[in-house]
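Visitor: I have a structure to go through with you. Can we take it piece by piece?

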Amino acid sequence: MTVTRRQALRLFGLGAAVAVSGASGCSLLGGTPQPRLLPSTAPLPAPFTVPLPLPEVARPYRSDGTTDHYELVQRAAELEILPGLRTPVWGYGGSFPGPTIEARSGRRTVVRVSNGLGVPTVTHLHGGRTPPESDGYPTDLVRPGSRRDYAFPLDQRAATLWYHDHRMDYTGQQVWRGLAGFFLVGDDEEEALPLPRGERDVPLMICDRSFAEDGSMPYPGFADRPGVREPYMGGVLGDVILVNGAPWPELRVERARYRLRLLNGSNARPYELSLSTGGAVVQIGSDGGLLTAPRELRRIRLAPGERADVVVDFSAYRVGDLVELRNLADEGPQGRVMRFAVDRDARDDSAIPKTLSRIERLDPAKAAATRDFAFTSGSLHGGVGWLINGHPFDAARTEARPKLGDTEIWRLTSDVAHPVHLHLAHFQVLTVNGERPAGPPEWKDTVELREAQIVEIITRFTGYRGRYVMHCHNLEHEDMAMMANFEVV
Ligand code: C2O
Ligand code: CU
Ligand code: CU
């Protein structure tokens, strides 16, 4: 069945008057808040003047036959993000991004998070297949001065994951202040491939922020009340694009292949990444790890929370060439991301194999249930909020109870754009507006619903029983209640 835009709108009862508002990408619903730019008042640096930082790699404080133990202390720090200014951040280990954890599939990783901040926190491993008690449920608070051990069995494939704050009603604000880092899972299958590694395997956390004159990163929220302040209900957009915490940085590269692990760590900003040369990038991985085969692309769209592993071959360029990574979804400064300066010749033994991995295609005929989830705006505490199936997030309410081991189809519908994320269950996209995506299946944990779309995903609930959340990964939508419980029974 192909679902038209008009049918999609009718599904959640929006009238024909709305349906004519057009395919042009302009606001669909007059009253529905859209993401909004928070302008900086600090002087901003010229692009490509700051070198790309690489987050420090965390070292376990103890390792034994089965387990690596890490400790991350959340604390306030002042960092020089804009040249010459001091920016207060909240960071894991006092850094932004936090330290990168390099973990191994099948080895238990225990992360002790100690809260040295003045506010409660929750830490979630995004993309982790984690038992519920360590999954960072939004009300499992770690209070100031206390700590919690999060245990990750990592019974899952190699993939680029990330950890970030998940405190109910305050996630947008706490991530904005710096509480996010990479968590890379490796495995034997991936290690056997001749992909670029070492210094040529570079994690890139892309996120936008805005800066006040004194260098601080103000967030339009409340000190004493949850959520985000009007008119930023639709999402907070920064006007400075940071990569690994640096504004529009530059990386000097050799004439060789590089693996770039792209993560959209923004609160609300989607990117359409593309090289200024028009050259191809080769995607090798997605949220849930390797694709079955490499995919040559000229642009990659990443909504908040999504990842793409790509290989760029800089031997296609000459020494002295400058290759910009651009964001075609915007113009001006926000249309720029970072720059690669091709610096020197080098030996390169890497290659991109024609076959990367195998992925079982989940069979819709075997689905035990099909469920509907409508992502819409609606009224919340007398104002506007974001709802799933008409309900704001309520820890006491469970929207779905899939059985452990069952395959299910979840049909997601949107009003405006919503990047939808499921904890625990990696999924495959079955249809988008009734059409099957071309090509082999891939594993995702976040999928962007564009405006007035119907996306069907298929997943199998394996791993653990218990209570998990699914939510919109526009963090302002999430904080304004666009989250629901599901319980694997
Ligand atoms: Cu990246 Cu529930 O979050
Ligand atoms: Cu998650
Ligand atoms: Cu949303």
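Guide: A term to start with: donors are N, O and S atoms within 2.8 Å of the metal. The model is predicted.

Visitor: Which residues coordinate the copper ion (ligand 3)?
Guide: His418 through ND1, Cys472 through SG and His477 through ND1, at 2.0 to 2.1 Å.

Visitor: How are the donor residues spaced in sequence?
Guide: The pattern for the copper ion (ligand 3) is H-x53-C-x4-H.

Visitor: Is Cys472 buried or exposed?
Guide: Cys472 is buried, at a relative accessible area of 0%. His477 also counts as buried, with 2% relative accessibility.

Visitor: What about the largest nonpolar core?
Guide: It has 77 residues, and Trp410, Leu412 and Met470 have the most contacts inside it.

Visitor: What is Leu412 in contact with?
Guide: Leaving aside neighbours within four places in sequence, its contacts include Phe373, Phe375, Val447, Ile457 and Met470. Apart from that core lies another, of 22 residues, including Tyr92 and Phe183.

Visitor: And what is the mean pLDDT of the chain?
Guide: The mean is 93, and 94% of the residues reach 70 or more. Over residues 1-28 the pLDDT is below 50, though this stretch has 43 contacts in the model beyond near neighbours in sequence.

Definitions and conventions
Residues are numbered from 1 along each chain as its sequence is written. Chains are lettered from A and ligands numbered from 1 in the order in which they are written. This is a predicted model: local features need pLDDT of at least 70, side-chain atom pairs count only at pLDDT 80 or more; totals for chains, interfaces and linings use all residues. Side-chain values use heavy atoms; hydrogens and water are left out. Donors are N, O and S atoms within 2.8 Å of the metal (3.2 Å for Na, K and Ca); water is not among the atoms, so sites may look incomplete. Buried means under 20% relative accessible area, exposed over 50%, partly exposed in between (1.4 Å probe, protein chains only). A nonpolar core is a set of buried Ala, Val, Leu, Ile, Met, Phe, Trp, Tyr and Cys residues joined through side-chain atoms within 4.5 Å. Contact means heavy atoms within 4.5 Å. pLDDT is the predictor's confidence in each residue, from 0 to 100.
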